[in-house]
Amino acid sequence: MIHIFINALAASAGGGLTYIRNVLPRLAIRDDVCVTLMISETLRSEITPSARITIAQHASPAGSVERFWYEQRNLPSIIRNSGADVLLSTGNFALYRSPVPQILLSRNALYLSSDFYRDLRERGDYRLWLDTEVKAAFARWSVRTADCTVAPSSFFAGELAQWTGKDVVCIHHGFDCETFFRESSPLPQPVQEQIAATGGSLRLLFVSHYNYYRNFETLIRAIAVLKPKLRPRTVRLLLTCELNSEDNPGDYRADSAAELVRHLGLKQEIVELGAVPYALLHHVYRACDFYVTPAYAETFAHPLVEAMASGVPVIASDLAVHREICGAAAAYFPRFSPEDLAELVIQTSKSPEKTAAMRDAGIVRSQTFSWDKHVERLLILAKGLTGNV
């Protein structure tokens, strides 16, 4: 029996939350593992304690800086009192002087992205630029401090190793096909109506809340290029967010993207669905012709796997991570070229043979990602660090 302490205080949205929701149930059913979990108060209601899962009681720090200092100051004694054998730090930052061997999950490509720093300078967002620089220094120190660092893709593992001089292990994130398609209830009525209103159009989908590194502006400009070239057919881009800063998590301002939509006259073409419950997302994927992502920084990208599993051809920016995840199931374009993106959509949409091949390849490719395999490899690492083999 190995006792794992999971520090998931940073899991609040996106990949971090997806990770905990998928990994924890798989640990809970094993006979050779017990878990103590530290999680934010807002997410405690999602977790059901069991014979294998104990939730550590603690005060919830307010922000990222407060959380970091809370962890460094209080976590060592909490871990010792729990009797844990190994620490799994899920939020990019390691615990200094961990009382037990520590596995660090590192999954933030922005700390290494020159495109992101340039983007922030061009936007004049120097506060976020400085914040990222400081966090990058801690992230680099964290990789050097942890006993073992795990990255969700081989390419990102290589980048981290080059950045820090430390070996980094790749363990791909997984995908649970059965769970993803399980919920049969319909989408909320307003979302259904928005999608129904796009009938007859070429439907493109992008699943993300608004942020800079997902490169929304390149995608919006591509829609402006597509619009006249597709006539008489119309094009619609479905977003699972609203281009309104107040309706998006984090510090990213959506004002420039909203203004770009107005300036290009794309109010009808850009369909802002808003946040869609994760259990119902498969309805949205299957309603669309293509999944598109112009992201310029990425470490894994779960929506790519979700799209492939849904039988939706993927058109992605030409990142090494995207090629690693999708392989031949996607078509690729230069990440800052709306013209190339638009041309690729046109060419692919006019070739039923190509779209069918991409669809078939994507379904097969999605089946290679498994949370069960991920957990098994993670446990091998943990047991190796503790001598519990």
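**Figure 1. Strands β1 and β2 run side by side.** In this predicted model, strand β1 (residues 2-8) pairs with β2 in the parallel sense, over 7 bridges. One place to look is A8, whose bridge partner in β2 is I39. β2 also pairs with strand β3 (residues 53-55), again in the parallel sense, and here there are 3 bridges. To find this pairing, look for T36, which stands opposite T54 in β3.

**Figure 2. Strand β2 is covered on both faces.** In a regular strand, side chains alternate between the two faces of the sheet. Follow that idea along β2: V33, V35, L37 and I39 lie on one side, while C34, T36 and M38 lie on the other. Because 7 of the 7 residues of β2 (residues 33-39) are buried, the strand is largely enclosed by the rest of the structure.

**Figure 3. Seven strands make an open sheet.** Stepping across the sheet, you meet its 7 strands in the order β3-β2-β1-β4-β5-β6-β7, with parallel pairing. Which strands are at the edges? They are β3 and β7 (169-170), each of which pairs on one side only. Elsewhere in the sheet, strand β4 (residues 86-89) and strand β5 (residues 102-105) run parallel and are joined by 3 bridges. Here L88 stands opposite I103 in β5.

**Figure 4. L239 is a buried residue of strand β9.** You will find L239 in strand β9 (residues 235-239). Its relative accessibility is 0%, so L239 counts as buried; the cut-off for that word is under 20%. Leaving aside residues up to four places away in sequence, L239 touches F206, F216, I270, V271, E272, L273 and G274. For a sense of scale, L239 and G124 are 115 residues apart in sequence, and their C-alpha atoms are 26 Å apart in space.

**Figure 5. T293 is a buried threonine in strand β11.** T293 belongs to strand β11 (residues 290-293). It counts as buried because its relative accessibility is 5%, and buried means under 20%. The side chain of T293 reaches the backbone nitrogen of A295 at 3.4 Å. What else does T293 touch, not counting residues up to four places away in sequence? The answer is F206, L304, I315, A316, S317, H322 and F333.

Figure 6. Most residues other than glycine have a negative phi, and most peptide bonds are trans. N92, in the loop between β4 and β5, has a positive phi near 80 degrees although it is not glycine. N215 also has a positive phi, of about 65 degrees, and is found in the loop between β8 (202-206) and α8. N92 is buried, with a relative accessible area of 8%, and N215 counts as buried at 5% relative accessibility. A cis peptide bond joins R231 and P232, with omega about 15 degrees.

Conventions: Residues numbered from 1 in each chain as written. Predicted model: local features only at pLDDT ≥ 70, side-chain atom pairs only at ≥ 80, totals over all residues. Heavy atoms only, no water. Helix = DSSP H or I, 4+ residues; strand = E, 2+ residues; numbered from the N terminus. Buried < 20%, exposed > 50% of the residue type's maximum accessible area, 1.4 Å probe, protein only. Polar contact = N/O pair within 3.5 Å; in protein donor to acceptor, adjacent residues only side chain to side chain. Contact = heavy atoms within 4.5 Å. Pairing = 2+ DSSP bridges.
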